[in-house]
Amino acid sequence: MSSTLNDHTVEPNETIIHVLPSELANKIAAGEVVERPAAVVKELLDNAIDSGADDIQIIVKNSGKALIQITDNGCGMSKDDIPLCFQRHATSKINSVDDLYNIHTLGFRGEAMASIGSVSQITMKTRRHEDENGWEYELWGGEERSLQPVAMEPGTSVSVRNLFFNVPARRAFLKTDSTELRHIIIAVQQAALAHPEIAFELMDGSDTIYKLLSSSLADRIAAIFGKTYKASLIPVEEQTSMLSIHGYIIDPKMSRKSRGEQFLFVNGRPFMHRHLNYIIQNIYQNWVGREKYPFYALFFNVDPSKVDVNVHPTKLEVKFDDEKSVATLTRSIVKRALNERFNVPAMHMEKDETGFAPDSDFQKIFGGGFSGHSDDTSYKPFSGQSSREISNQPWTRRPSPPSGFTENLYGGAVDAHKSPEELPHSKGNVTKDQHDRLRGFWQLHDQYIISQTRTGMFIVDQYAAHKRILFERALNSTDVGLPSTQQLLFPQTIDFSASDFELLKEVLPNLKKIGFNIQLFSGNSAMVSGVPADLNHGDEKPIIETILQQYQSYSGPVKLNPREKIVMAYASRAAIPRGKRLTQQEMESLIDQLFSCENPFFDPLNRPTTHFIPLEEIHKHFR
């Protein structure tokens with residue numbers, strides 16, 4: 001009697017389980033190990049480091065899609081070892097089950113080269129130091145093509161071309177070149193931080209992104225992230241019988257608005273650990289709040305038998321035998337390092353014991369003399385000009401105004417495009433005397449603007465309101481291609497980190513449309529010769545860096561395309577901050593411009609800019 005399985009008729013005594021061909025098995029494995037070009041870079045770097053190299057060069061083209069070439073001066077391989085290294089589960093790192101619990105190398109499973117070779121066109125050149133010549137080996141899609149002698153220096157060079165050429169569906173899921181290149185940069189950063197004694201060079205085509213000489217860890221951090229980091233680094237070090245931790249954290253004032261500069265290593269291997277990241281972030285909240293992320297590079301050295309590095313297909317996660325002790329020690333040394341840096345007694349930092357974080361909750365709630373004034377020089381007094389009309393955008397549902405607001409402002413319904421003199425009144429038009437009385441504005445805690453209406457009062461969030469104004473104005477500039485730019489008397493040359501520079505190249509067209517004049521140079525530098533008219537010059541670097549961070553980290557409820565995201569980031573950075581004292585004229589100008597907007601009642605993320613309180617509601621509190 002026959003049966004069916006997936007529409008296939010199975011005859012009696014016929015087996016339904018079979019062994020997959022090695023080519024198909026390798027492609028399946030590649031789906032776990034080789035997610036994107038950066039994964040190839042990481043695996044090849046692991047091999048180069050394991051080979052004992054002290055000089056490694058990485059060249060990519062088309063963000064690794066066309067070429068990934070990694071050359072090292074390590075130990076090299078023999079002719080017989082070359083084909084074996086592309087066999088699945090072939091490795092020189094382990095020989096028994098016990099070796100799995102005593103891992104001292106970055107690679108050990110023997111999956112990477114087989115997986116990479118199955119979805120690319122590989123050329124490997126390698127020579128041992130004791131051999132007179134090297135060998136060149138070609139493998140295309142897992143099929144061997146040639147093996148021949150070649151003249152070369154000792155070491156190994158692996159060229160991976162046309163990644164996913166035989167798996168087009170996988171290639172279609174790759175992101176933009178800028179995004180893929182940023183992932184490659186992160187992989188190189190991890191290797192370079194873990195091994196400051198090794199020289200690294202990273203090139204994107206003919207452009208040099210990094211040229212890192214052998215150095216100390218502090219110098220390596222400064223070479224990667226900028227010279228300003230070195231003076232702000234805070235060393236941490238602790239040793240116990242179970243493990244030791246050393247590395248650097250950063251001064252809280254250097255924290256950024258986006259993640260990406262948090263590095264954890266165990267026995268030289270980069271890893272991710274949500275709980276440890278949460279612990280460090282939670283400690284920094286006492287200084288920087290919830291929305292900023294500090295740099296740190298922490299190195300955990302532990303007996304290999306006390307940590308499992310084989311719990312994730314790409315070896316990105318690890319599991320400690322004693323997770324609680326690792327977490328407790330991490331919390332202790334980070335907190336102590338920050339306390340010592342700022343001369344803060346440790347007992348004052350324990351928010352769970354005192355109920356308040358130092359210089360934070362207590363001052364905000366009870367600090368009567370706390371002005372909250374900001375020295376943000378990006379604020380520029382209002383010009384008094386109303387923003388142009390912006391057509392309704394398809395990316396967001398236009399919310400209704402707050403209940404009761406439009407019916408009560410100036411005693412009637414609001415027309416966003418009429419001046420107060422033109423606004424209707426329940427008993428006729430507003431008189432000059434009524435208008436002067438209604439135009440009185442007060443500032444509450446230098447954050448909110450308050451004014452009376454005929455039937456109550458309304459409150460305006462000055463930051464959210466100005467953000468709406470700048471958003472519509474800048475978005476209009478990108479539509480019509482007529483940005484308002486102020487030229488700098490002295491153009492400023494700015495050095496960026498490699499990842500920020502790649503992001504800058506991606507968003508540069510939209511930055512130019514809103515008024516920035518920026519010229520890119522080699523070596524991750526750019527010259528700024530003009531900024532939008534709404535910005536004061538002098539702070540070009542922090543302004544642009546903040547825009548890049550906010551653009552990269554945005555993940556709000558409103559769906560924004562790249563142009564809208566960059567405009568949103570710009571408006572968020574350029575808007576007058578909460579805590580900025582305004583004159584009567586500035587408050588009046590802000591309100592005029594707000595109600596000239598297409599959607600004055602909500603900021604670009606659909607958060608309210610205004611709140612109306614009816615007089616009846618106020619009366620209730622005094623009856």
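A: This is a predicted model, where local features need pLDDT of at least 70, side-chain atom pairs count only at pLDDT 80 or more, and totals for chains, interfaces and linings use all residues. Residues are numbered from 1 along each chain as its sequence is written, and side-chain values use heavy atoms, with hydrogens and water left out.

Q: At roughly what angle do the axes of helix α17 and helix α18 cross?

A: Axes are lines fitted to C-alpha atoms, for helices over the stretch in contact, with angles from 0 to 180 degrees between N-to-C directions. Here α17 (residues 540-553) and α18 (residues 562-574) cross at roughly 130 degrees, their axes coming within 8 Å. That makes α17 oblique to α18 (under 35 degrees is roughly parallel, over 145 roughly antiparallel, 65 to 115 roughly perpendicular, the rest oblique).

Q: Which residues of α17 and α18 meet?

A: Contact means heavy atoms within 4.5 Å. On the α17 side, Pro 542, Ile 543, Thr 546, Ile 547, Gln 550 and Tyr 551 take part; they meet residues of α18 including Pro 562, Ile 566 and Arg 573. By type, the residues of this contact divide into 8 nonpolar, 3 polar and 2 charged.

Q: Is strand β5 buried or exposed?

A: Buried means under 20% relative accessible area, exposed over 50%, partly exposed in between (1.4 Å probe, protein chains only). In β5 (residues 121-127), 6 of the 7 residues are buried, so the strand is largely enclosed by the rest of the structure.

Q: Which strands are joined to β5 by bridges?

A: Two strands pair if DSSP finds at least two bridges between them. β5 runs antiparallel to β6 (residues 134-140), with 6 bridges, and antiparallel to β8 (residues 155-161), with 7 bridges. Gln 121 has Trp 140 as its bridge partner in β6 and stands opposite Arg 161 in β8. β5 and β6 form a hairpin with 6 residues between them.

Terms used
Helices (H or I, at least four residues) and strands (E, at least two) are DSSP runs, numbered from the N terminus. Ala, Val, Leu, Ile, Met, Phe, Trp, Tyr, Cys and Pro count as nonpolar, Asp, Glu, Lys and Arg as charged, and the others, Gly among them, as polar.
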